[in-house]
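Trainee: Could you take me through one part of this model up close? I'd like to start with the ligand and what surrounds it.

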Amino acid sequence: MNVYIVTLFPAMFQGPLTESILKRATEQGLVQFHLVDLRDFATDKHRTCDDTPFGGGPGMVLKPEPAFAAVERVREEIRAQRGDQGVRDAPVILLTPQGKLFNQSVAVALARCQDLVLLCGHYEGVDERVAQHLATLELSIGDYILTGGELAAMVVADAVVRLLPGALHAPESPHEESFVGGLLEAPQYTRPAEFRGWKVPDVLLSGDHAKVARWRRQQGLLRTWQRRPDLLARSQLSLEDRRFLDCLRQQLQQGHETEPKISDS
Ligand code: ADE
């Protein structure tokens, strides 16, 4: 996969792209990051990329010319590598708080792309013609305002690249993580089995894989029910899952408000 990041602040990416999984994925040849400096595509000697908004108002708006020129250069490069179809298949993603909310399903879909173009918005906004006629997708990483799209682009790049086959140590790891099945993950423990008097649940030490799997499923359901009930409504639940949730609801009605009891067996 090629990830082209179009930004006013390429230096911000030095740390995140050269550590941990992203570093390893790059070294393994699974991904190549291309940092594209928007200022290289400004047309004046001051390399100006922003201007005041028409109609007045505070702040500065990212100009369309450098954004179009930078992305068009990237698309030429993709065309040279993979032809017209390659260009058609490569999403141009504008990171903006006005975009569709990024989540694990979007990450899974993007992980299938050969090329991704991440365009980082900055300042108080981006000229609307960039959103309308250059970006093919607008993504937000959450309902809060960041200083710019750079941190959001890092989040998207990280969530996508770790899904590429071979990026993680254990091949099965991404499938068991929170959100993949629409549920939060069960709690995890490692040695020691007892720390400051807090014990690891017996079931995890039992060596009984079926029991462990059942306990994890139930813990995932419990956590999701307690912390993210919105996810439960959209997740795929078995008959056993539904029975378990009914049982939790009954316990709640009977007054075990804070911590419903789940048996180890
Ligand atoms: N730029 C500023 N805030 C953002 C957000 N929440 N998501 C994506 N890009 C942004």
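Which residue has a polar backbone atom 3.0 Å from a nitrogen atom of the ligand?

Mentor: That's L146. Before going on, remember that this is a predicted model, where local features need pLDDT of at least 70 and side-chain atom pairs count only at pLDDT 80 or more, while totals for chains, interfaces and linings use all residues. Residues are numbered from 1 along each chain as its sequence is written, and side-chain values use heavy atoms, with hydrogens and water left out.

Back to the ligand: a polar backbone atom of G142 sits 3.1 Å from a ligand nitrogen, and one of T96 is 3.2 Å from a ligand nitrogen. These are polar contacts in the sense of N or O pairs within 3.5 Å. As for burial, the ligand alone exposes 260 Å², and the protein buries 97% of that (Shrake-Rupley areas, 1.4 Å probe).

Now the shell. It has 13 residues, and T96, I141, G142, Y144 and L146 are the closest; a residue counts if one of its heavy atoms lies within 4 Å of the ligand. By type, the shell splits into 8 nonpolar, 5 polar and no charged residues, with Tyr counted as nonpolar and Gly as polar.

The space that the ligand takes is the second largest pocket. A pocket here is an open set of points on a 1 Å grid over the protein atoms alone, with protein on both sides within 12 Å along at least five of seven lines, for a 1.4 Å probe; a molecule sits in one if more than half of its atoms lie within 2 Å of its grid points. Two or more shell residues come from each of β5 (92-101) and β8 (137-140), and β5 gives the most, with 3 residues (strands are DSSP E runs of at least two residues, numbered from the N terminus).

For the wider setting, an automatic or database assignment divides the chain into domain 1 (2-161) and domain 2 (180-253). Their C-alpha centres lie 38 Å apart.

Note on methods
A polar contact is a pair of N or O atoms within 3.5 Å; within protein, one must be able to donate a hydrogen and the other to accept it, and residues adjacent in sequence count only if both atoms are side-chain atoms. On a 1 Å grid over the protein atoms alone, a cavity is a set of points where a 1.4 Å probe fits but cannot get out, and a pocket is an open set with protein on both sides within 12 Å along at least five of seven lines; lining residues have an atom within 4 Å of a point. Helices (H or I, at least four residues) and strands (E, at least two) are DSSP runs, numbered from the N terminus.
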